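Here are a few exercises to work through with the viewer open. Try each one yourself before reading the solution.

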Amino acid sequence: MVEDELERLLSRTALGDRRAFATLYDRTNGKLFAVCLRILQDRVEAEDALQDVYIKIWRYAERYAASRARPMTWMIAIARNLAIDRLRARKSPAATLSAAETVADGALRPDQKAMAKGEAKRLLDCIGGLANGDGRMIRVAYFGGVTYAALAERDGVPLGTVKSRMRRALGELKRCLAP
Amino acid sequence: MSLQSEQDVEAMEYVLGLMDREERAEFEVGLLDDPVIADAVWAQEEAFRGFADAVPRRQAPQRVWKGVEDKVFAGGSAKEARPSFWLRVAAGVFGGATILAATALAVILLEPTVLLEPKTQYVAAIVQSDDRVTLARVNANGRVVTQALPLGTNGVPQLWFLPPGEDPVPIGLMDQNAASEFDMPPELRDFLTSGQFAISVEPEGGSPTGQPTGPIIGVAPVSEL
């Protein structure tokens, strides 16, 4: 299993094994770079962010064990968090939201959805089953880190309205995902 | 919605970045303190991972790996010094039982600058009356760095150093929206670990008297790393 191998590489990285870390980089940079690019929409920024991601992975490899996430999930969380922080630092909330929406529109071609397997497929199916663009908004949030405040401002609706709508959608999503 | 569902939805909101800065900081304090909430957050990261899995892979250019190698393997040492300060902060502020959860989450909670800064030598974890934690870090050369500290009220946050048995010394006005940097007066650097940092709420422009005039919202001793 790929995740088992990643777990082993991460444990060895935590012990200071450079070669294991280099192998970990080889195995995972494709996915993490893609995530940074999707969020930042800029090659140079994404490259800089990715460098910080791996430095963080190196420094915190021993902390992975306490997270109960799969190794790749842990690394994706680090990448997404770093990239979104950079995104927020460089743009106004309104610009961030509109960039994130552009990304979301291009994000999921039918062929990609068809290729998704297992849990990923279930997520995409459940997202697709949500009404009124809620699914799209959730995907935008995942890649864009847009806040309730930014959404309320964009739509010209009260913060409370945006929150209840999203919470209802997330509740539906949760029920759909539950086994 | 059941309590479990509410907690899961809140964890989803957190993972999706929907909370504003204040809500996020509040949530993170609860997160560091409660392994059940921490588990919920990781469960939602797993649940949403499908989005990341659906993005086609893109090989990163060689220069990225070169940059990583240079930074982590610099000077021929096999491993750069581990930033252990979060272990100490977690132990001091949140109690031993949550150290593991706290340090596991540290990778996705903190502003990146806090974690990537290798030269922090001293740290004070200032816990305010509403349980928010803000860090003041001091470098070997006496540079003090603080995190953003939004106040819900009028006034500006002012940072003070309290040397043992002495009056508070003003260090500077903290930005409410971004990290701030100040210089520690050189004559006080020897007293760092026997003194404390404090934050008070002052009028625009800071205290007019050179001493705190407004409410002190947090005080913390300084630890050496």
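**Exercise 1.** In which loop of chain A does A:Q41 lie?

*Solution.* This is a predicted model, so take every value below as computed from it. Start with the place: A:Q41 sits in the loop between α2 and α3 of chain A. Next, look at its backbone: phi of A:Q41 is near 55°, a positive value in a residue other than glycine.

**Exercise 2.** Work out how the rings of A:F21 and A:W58 are arranged, and what parts of the chain the pair ties together.

*Solution.* For A:F21 and A:W58, the ring centres are 5.0 Å apart, which is within the 6.5 Å needed for a pair. Their planes stand at 50°, so this pair is tilted. Now place the two residues: A:F21 is in helix α2 (residues 18–40) of chain A, while A:W58 is in helix α3 (residues 43–60) of chain A, so the pair links parts that are 37 residues apart in sequence. Then check accessibility. A:F21 has a relative accessible area of 0%, so it is buried. A:W58 is at 0% too and also counts as buried. Finally, step back from the pair: A:F21, A:Y25, A:Y54, A:W58, B:W65 and B:F73 form one aromatic cluster.

**Exercise 3.** Decide whether the rings of B:F48 and B:F51 are stacked or tilted.

*Solution.* The centres of these two rings are 6.1 Å apart, and the planes meet at 15°. Planes under 30 degrees apart count as stacked, so B:F48 and B:F51 make a stacked pair. How are they spaced along the chain? Both are in helix α3 of chain B, three residues apart, so about one helical turn separates them. Both are buried as well: B:F48 has 1% relative accessibility, and B:F51 has 2%.

**Exercise 4.** Describe how α1(B) and α3(B) pack, and which residues meet there.

*Solution.* Two packed helices are described by the angle between their axes and the distance between the axes. Here helix α1 (residues 3–15) of chain B meets helix α3 (residues 35–53) of chain B at an angle of about 60°, and the axes are 9 Å apart. As for handedness, the crossing of α1(B) and α3(B) is right-handed. On the α1(B) side the contact includes B:Q7, B:D8 and B:M12, and on the α3(B) side B:I37, B:E45 and B:F48 are among the partners. Sorted by class, the contact has nine nonpolar, two polar and two charged residues. Among chain B contacts between residues at least 6 apart in sequence, 59% join residues at least 24 apart.

**Exercise 5.** Why are α9(A) and α10(A) described as roughly perpendicular?

*Solution.* Take the angle: helix α9 (residues 148–155) of chain A and helix α10 (residues 159–177) of chain A pack at about 115°, with axes 9 Å apart. Angles of 65 to 115 degrees count as roughly perpendicular, and therefore α9(A) and α10(A) are roughly perpendicular to each other. Their crossing is right-handed. To find the contact, look for A:Y148, A:A149, A:L151 and A:A152 in α9(A), which meet A:L159, A:V162, A:K163, A:M166 and A:R167 in α10(A). By class, those residues split into seven nonpolar, no polar and two charged.

Methods:
Residues numbered from 1 in each chain as written. Chains lettered and ligands numbered in written order. Predicted model: local features only at pLDDT ≥ 70, side-chain atom pairs only at ≥ 80, totals over all residues. Heavy atoms only, no water. Axes fitted to C-alpha atoms, helices over the stretch in contact; angles between N-to-C directions. Helix = DSSP H or I, 4+ residues; strand = E, 2+ residues; numbered from the N terminus. Left-handed = near helix turned anticlockwise from the far one by under 90°. Contact = heavy atoms within 4.5 Å. Nonpolar A, V, L, I, M, F, W, Y, C, P; charged D, E, K, R; others polar. Parallel < 35°, antiparallel > 145°, perpendicular 65-115°, else oblique. Phe/Tyr/Trp six-rings, centres within 6.5 Å; stacked < 30°, edge-to-face > 60°. Buried < 20%, exposed > 50% of the residue type's maximum accessible area, 1.4 Å probe, protein only.
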